[in-house]
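I opened my notebook to record what I looked up in this structure.

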Amino acid sequence: MQIDIEITDDRWVDLGLEDITETAAHAVLERLGIDAEECELSVLGCDDARIRELNADFREKDKATNVLSWPADERGAEDDGDMPEAPEADVFGTIELGDIAISYETCEREATEAGKPLRDHAMHLMIHGILHLLGFDHIRDGDAALMEGIETEILGKMGMADPYS
């Protein structure tokens, strides 16, 4: 797997964003039966100011958020609760997943409010973001149940609590 990480907030270095991303990506791809060696992913570890700019530019929401995802391809399921379309490698044998931005301050605040370790919450957000790149979403009820179930399953295998209970 090729992961390109740009860190503009050094607190992500201290937390181990590179390891978190690699662990999350491998766990998601293994769960979905996708060959990780074919995949490419880009991640930006930033602060609230930068993610606020990105959220305003791309989603027209002028506020900070925890994680943003930009899938390389639209893979969402047509019917609520169905699995998204599985990605296929291009002619070069590569599956470009897309880009993720994650904000340290929002992640830290949410972890504190939930009483959970920051690293665990960052892992959850990275899993969540990667699932978005693969066509999962939580706008419709069935899609949300599917996505949350997969997140909970993956985190459980890592020894982490269900983030939705």
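**Entry 1: salt bridges**

I began with a pair of charged side chains. Asp9 and Arg11 join their side chains in a salt bridge, with N to O at 2.6 Å. I noted that the model is a predicted one.

Is Asp9 buried or exposed? Asp9 has a relative accessible area of 8%, so Asp9 is buried, given that buried means under 20%.

Which residues are linked with Asp9 in a network of salt bridges? The network links Asp9, Arg11 and Glu105.

I looked up a second pair. Asp73 makes a salt bridge with Arg75, and their closest N and O atoms are 3.5 Å apart. Here Asp73 is partly exposed, at a relative accessible area of 46%. Arg75 is buried, at 5%.

I looked up a third pair. Asp143 and Arg140 meet through their side chains in a salt bridge of 2.6 Å, N to O. Asp143 has 10% relative accessibility, so Asp143 counts as buried. Arg140 has a relative accessible area of 30%, so Arg140 is partly exposed.

How many salt bridges does the count come to? I wrote down 12 salt bridges.

**Entry 2: Thr106**

I moved on to a single residue. Where is Thr106 placed? Thr106 lies in helix 4, which covers residues 104-114. Its relative accessibility is 2%, so Thr106 counts as buried.

I then checked its contacts. Leaving out residues up to four places away in sequence, Thr106 touches Asp48, Ala64, Thr65 and Asn66.

**Entry 3: helix 2 against helix 5**

I turned to helix packing. Helix 2 spans residues 17-32 and helix 5 spans residues 118-133. They pack at an angle of about 50°, and their axes are 9 Å apart. That angle makes helix 2 oblique to helix 5. The crossing of helix 2 past helix 5 is right-handed.

Which residues meet in this contact? From helix 2 I listed Leu17, Asp19, Ile20, Thr21, Thr23, Ala24, Ala25, Val28 and Leu32. From helix 5 I listed Arg119, Ala122, Met123, Met126, Ile127, Ile130 and Leu131. I sorted the contact residues of helix 2 and helix 5 by class: 12 are nonpolar, 2 are polar and 2 are charged.

**Entry 4: helix 5 against helix 6**

Helix 5 also packs with helix 6, which covers residues 141-157. What is the angle here? I noted about 135°, with the axes 10 Å apart. Helix 5 and helix 6 are therefore oblique to each other. Their crossing is right-handed.

I listed the contact residues again. Helix 5 brings Met123, His124, Ile127, His128, Leu131 and His132. Helix 6 brings Met147, Ile150, Glu151, Ile154 and Leu155. By class, the contact of helix 5 with helix 6 has 7 nonpolar, 3 polar and 1 charged residues.

Key
Residues are numbered from 1 along each chain as its sequence is written. This is a predicted model: local features need pLDDT of at least 70, side-chain atom pairs count only at pLDDT 80 or more; totals for chains, interfaces and linings use all residues. Side-chain values use heavy atoms; hydrogens and water are left out. Axes are lines fitted to C-alpha atoms, for helices over the stretch in contact, and angles run from 0 to 180 degrees between N-to-C directions. Helices (H or I, at least four residues) and strands (E, at least two) are DSSP runs, numbered from the N terminus. Angles under 35 degrees count as roughly parallel, over 145 as roughly antiparallel, 65 to 115 as roughly perpendicular and the rest as oblique. A crossing is left-handed if the near helix is turned anticlockwise from the far one by less than a right angle, and right-handed if clockwise. Contact means heavy atoms within 4.5 Å. Ala, Val, Leu, Ile, Met, Phe, Trp, Tyr, Cys and Pro count as nonpolar, Asp, Glu, Lys and Arg as charged, and the others, Gly among them, as polar. Buried means under 20% relative accessible area, exposed over 50%, partly exposed in between (1.4 Å probe, protein chains only). A salt bridge is a side-chain nitrogen of Lys or Arg within 4 Å of a carboxyl oxygen of Asp or Glu.
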